[in-house]
Amino acid sequence: CSMGALLVLVLAAAILVLPGGAVHVVPSTGHGSPLSVGPSHPTGFGTAKYAILVGCDGLGGLYLENATDFLPNFSRLIKGGTTTMRARTRMPSVSAPNWCSMITSQAPEESGVIDNAWVPQWDDPVNTTVEPQMPPISGRGYIPETMWRVAKAQDPHVQVAVSISWDWMYVLTESTTVDMLNRGHEDDANVTKAMLQFFQAKKKPTLSFVHFDSIDESGHASFWGSPKYYQAVKAVDGYLGELLEGLDTAGMLDSTLLIVTADHGGYRSSHGNFNEANMFIPVLINGPGIPAGQIDSRYITDLDFAPTMLNALGLTPGVFMRGRILEELYHR
């Protein structure tokens, strides 16, 4: 046998061509057959049974890091997982574009949601010059493709639960992709109560989104960093504690990827500007396989949450998702 022929035999034993043309290198038994066959996955793939995104409207990263001493539940999550107070929201630093960015992993210029006035009719502009309307990259005539639509397409058994305080976000839900929906109408206590009920359902929610609005409301009513603002932060800390207790009671806590974040910060009594007070948002991530006590200084944006959650559930991010899977979460 020539040296060239021997090399071909060795490579044939160690390399498999997978469906779609992907190449997978596997160890050889020495008898020309692989020990194992299967595609590789990103780090963290399939590590969680449940995934929950908790959104705290208006909770700027700079404001949270100054107040954790009197926030026991935020502090618990900071100590128990990976945290940054300087993830970046998208411009404009207002609510609708950024909640949409989180739920779809499409930036405003990609989703077409560029301000709080957006309505679903704008996803199919009547002509090419009407302002400010652009179809989403995921398809004209449809709302931007959400993470729950992506999840359901891959696994129809996925259960999706959504409980929202700000009613605008109802436009991103569809009856075919959201199984449990609560519209709290700016009542964070109602939002919490409904999600706790969803945790107790016979078919527990696989993928959930919770939205609290009172922090943003308090910032507008007074100013960001005011006593009234921090009273609202303290109240949301209590609701967060109820959610953690509810997950534990339902037997879900230890197998849940939990991301707590915000859409923007603010300054004085408004937001929308391009500066640190407006753009920095907190990201607190806890879940199976994520080491405790990490402070992550790497670049994270709100586009990264949906791909990371889907990956943890053993699902593939959608083809129109522009964010990345935060694989570094699983590395100490």
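The largest pocket is lined by the residues Arg76, Leu77, Leu244, Leu253, Asp254, Thr256, Leu258, Asn286, Gly287 and Pro288. Two elements each give two or more residues to this lining, namely helix H3, which spans 72–80, and strand E8, which spans 256–261. The structure considered here is a predicted model.

The space within the largest pocket amounts to about 200 Å³.

Serine 208 belongs to strand E7, which covers residues 207–212. Serine 208 counts as buried because its relative accessible area is 0%, and the limit for a buried residue is under 20%. When residues up to four places away in sequence are set aside, the contacts of Serine 208 are Ala51, Ile52, Leu53, Ala161, Met195 and Met309.

The cysteines form the last topic. Cysteine 56 has a relative accessibility of 1% and is therefore classed as buried. Cysteine 100, with a relative accessibility of 0%, is likewise buried. A disulfide requires a pair of cysteine sulfur atoms within 2.5 Å, and by this rule the model has zero disulfides.

Terms used: Residues numbered from 1 in each chain as written. Predicted model: local features only at pLDDT ≥ 70, side-chain atom pairs only at ≥ 80, totals over all residues. Heavy atoms only, no water. Buried < 20%, exposed > 50% of the residue type's maximum accessible area, 1.4 Å probe, protein only. 1 Å grid on protein atoms, 1.4 Å probe; cavity = no way out; pocket = protein on both sides within 12 Å on 5 of 7 lines; lining within 4 Å. Points joined across faces, edges and corners; volume = space filled by probe spheres on them. Helix = DSSP H or I, 4+ residues; strand = E, 2+ residues; numbered from the N terminus. Contact = heavy atoms within 4.5 Å.
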